[in-house]
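Subject: Structure handover

Hello,

Here is the structure I promised to pass on. Please have it open while you read my notes below.

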Amino acid sequence: MRKLGLIGGMSWVSTRTYYDHINTIVQTRTDHRSSAPLLIESLDFAHVYALKDEEDWDRATGILVDSAQRLEKAGAKALIIGANSMHRVYDKVAEAVQVPILHIAECVGERMAADGAKNAALLGTSNVMTESFYRRRLVAHGVDLLPPDLDNIEELDRIIYEQLMVGKVTRDAERALKTMITVKEQEGAKAIVLACTELEMVVDVDANVLPIYDSTRIHAEKAAEWILGSD
């Protein structure tokens, strides 16, 4: 098995989720005694929280570049960034290392293309939902994305940053996501992309009114495949 470096999600919650998903897949596909060879650097969420301007993003870029370089130096042969929103600086981080970085939106786009999914609604943090760095990669795989709903953007940011990223799950958040997904179906969406690594905490990925493409699960599966040499 090949050694993978994980730049921990913007919360310890998503870092834990990646660790669990990757190891479960590796164990299932190899031996029940096996575990994934991972190098993990869990970043301090307080330093990359609610980034607003380019100066903030430049600082975040430096943090992720330093982390990627440390993991590469420690022996990682590929990397993943365990956060959708931080892929805004993916290109700069990728340029700073010699090893490949598996892009989360590319993994999702490839899965959707393989399934023939052509129409979807994107749910995540405000920058993921409104900026082009994430959306254009899905569109490049033939996915037509519904426009973001401004009310959803505000509510999702509140749920994600104030609740999920500190490990808090509420019935109100579960109901809010269920309502959003139902409305998106009524608006014509044929699938939902969960483009936040914590949203699976309040969305039943396997039982919903629409097919759910959970970016965390898909990214972790691709990482496990790479570790096992079947990428």
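Which residues line the second largest cavity? They are A121, L122, M129, R135, L146, P147, P148, D149 and K184.

Before the rest, the ground rules. This is a predicted model, in which local features need pLDDT of at least 70, side-chain atom pairs count only at pLDDT 80 or more, and totals for chains, interfaces and linings use all residues. Residues are numbered from 1 along each chain as its sequence is written, and side-chain values use heavy atoms, with hydrogens and water left out.

Cavities and pockets

The search runs on a 1 Å grid over the protein atoms alone. A cavity is a set of points where a 1.4 Å probe fits but cannot get out. A pocket is an open set with protein on both sides within 12 Å along at least five of seven lines. Lining residues have an atom within 4 Å of a point. Grid points are joined across faces, edges and corners, and a volume is the space filled by probe spheres set on the points.

Two cavities of 30 Å³ or more turn up. The largest cavity has a volume of about 60 Å³. Its lining is M10, A83, N84, S85, T125, M165, A195, C196, T197 and E198. By class, that lining has five nonpolar, four polar and one charged. (Ala, Val, Leu, Ile, Met, Phe, Trp, Tyr, Cys and Pro count as nonpolar; Asp, Glu, Lys and Arg as charged; the others, Gly among them, as polar.)

The second largest cavity has a volume of about 30 Å³. Its lining divides into six nonpolar, no polar and three charged residues.

The second largest pocket holds about 210 Å³ of space. It is lined by 13 residues, and the closest to its centre are E174, K178, V202, D204 and N208. The lining splits into six nonpolar, two polar and five charged residues.

Sheets

Helices (H or I, at least four residues) and strands (E, at least two) are DSSP runs, numbered from the N terminus. Two strands pair if DSSP finds at least two bridges between them.

Strand 3 (residues 78-81) pairs with strand 4 over two bridges, in the parallel sense. There, I80 has L102 as its bridge partner.

Another open sheet of four strands runs 6-5-7-8, also with parallel pairing. Strand 5 (residues 119-124) and strand 7 (residues 192-195) pair over four bridges. L122 is bridged to V193 in strand 7.

Helix packing

Axes are lines fitted to C-alpha atoms, for helices over the stretch in contact, and angles run from 0 to 180 degrees between N-to-C directions. Contact means heavy atoms within 4.5 Å.

Helix 4 lies across strand 5, strand 7 and strand 8, at about 150° to strand 8. The axes of helix 4 (residues 104-115) and helix 9 (residues 215-227) come within 9 Å and cross at roughly 95°. The two helices are therefore roughly perpendicular (65 to 115 degrees; under 35 is roughly parallel, over 145 roughly antiparallel, the rest oblique). I104, C107, V108, E110 and R111 in helix 4 meet S215, I218, H219, E221 and K222 in helix 9. That contact comprises four nonpolar, two polar and four charged residues.

Best wishes
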